[in-house]
Amino acid sequence: MDSLREALNEIRQEVNRMMTENDKLTRNNDELEVQANRVKDMESSLNGILSSQGKNVTAFVSLVKENRVILDEMKQALKAQVSQDLLQLIFAADRDEDFVIDPEEVRGLLFRLRAFDGLDVNEDKFRFLLEKKGNSIDAVVGLVKDLMDDEPNDDTVFTVNTKQLSRGSFRV
């Protein structure tokens, strides 16, 4: 008889647990319905605005996506231009054209980099990484290559503030 009571108590506990879970799910469902209604209201408002301008939401979303692609392409073009300008600075800093940035050339290069509109340089990290990599132009070019990457890494030395160049900002 005790084992039957124990089984019945376990079943009751499971039923109570399921009822609690059901209550939680019901509350979540109610909340989702409220949010879905808000989204429908926003969509209706947006449709109203767009229809008064002779557009619809689908066309608007399509234009927003197209704009994102264009902005990404512009960002890449800007990065490429900044990279090219940086490479010109680097090669101009190598006065003796030995493809090594000597200590006296480092000062001149940093001076030029500081004068570059929209470019911030972590000078300590720059000097450290340049020395670590043998003061070669390849080392500096490698730091500039980071400009084309969207993800920062431990060797990130340059920060480009595109507000001074155009709009937005990214890191090199």
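Is Asp-72 buried, partly exposed or exposed? In this predicted model, Asp-72 comes out as partly exposed, at a relative accessible area of 39%. The residue pairs up with Arg-68 in a salt bridge, with the closest N and O atoms 3.1 Å apart. Arg-68 is partly exposed too, at 49%. Both sit in helix α2, four residues apart, so about one helical turn separates them.

That pair is one of four salt bridges in the structure. Another links Lys-24 and Glu-21, at 3.6 Å from N to O. These two are three residues apart in helix α1, so again the separation is about one helical turn. Lys-24 has a relative accessible area of 40% and Glu-21 one of 34%, which puts each of them in the partly exposed class. Then there is Arg-114 with Glu-123, whose closest N and O atoms are 2.7 Å apart. Here Arg-114 is partly exposed at 46%, and Glu-123 is partly exposed at 24%.

Asp-102 tells another story. It lies in the loop between α2 and α3 and is buried, yet has no salt bridge. The nearest side chain of opposite charge belongs to Arg-95, and that is 10 Å away. Leaving aside residues up to four places away in sequence, Asp-102 touches Asp-96 and Asn-135.

Gly-54 follows α1, and its phi is positive, near 80°.

Now for the nonpolar side. The largest nonpolar core has 25 residues, and those touching the most other members are Leu-86, Leu-109, Leu-113, Leu-119, Val-121, Phe-126 and Phe-158. At least two core residues come from each of α2 (57–93), α3 (103–115), β1 (119–121), α4 (123–132), α5 (137–145) and β2 (158–160). The largest share, six residues, is supplied by α5. Val-121 gives a closer look: not counting residues up to four places away in sequence, its contacts are Leu-110, Leu-113, Phe-126, Val-157 and Phe-158.

Finally, the aromatics. The structure holds one aromatic pair, made by Phe-91 and Phe-99 in an edge-to-face arrangement, 6.5 Å centre to centre with 80° between the planes. Phe-91 is partly exposed at 42% relative accessible area, while Phe-99 counts as exposed at 54%.

Conventions. Residues are numbered from 1 along each chain as its sequence is written. This is a predicted model: local features need pLDDT of at least 70, side-chain atom pairs count only at pLDDT 80 or more; totals for chains, interfaces and linings use all residues. Side-chain values use heavy atoms; hydrogens and water are left out. Rings of Phe, Tyr and Trp (its six-membered ring) pair if their centres lie within 6.5 Å; planes under 30 degrees apart count as stacked, over 60 as edge-to-face and the rest as tilted. Buried means under 20% relative accessible area, exposed over 50%, partly exposed in between (1.4 Å probe, protein chains only). A nonpolar core is a set of buried Ala, Val, Leu, Ile, Met, Phe, Trp, Tyr and Cys residues joined through side-chain atoms within 4.5 Å. Contact means heavy atoms within 4.5 Å. Lys and Arg count as positive and Asp and Glu as negative; His and the chain ends are not counted.
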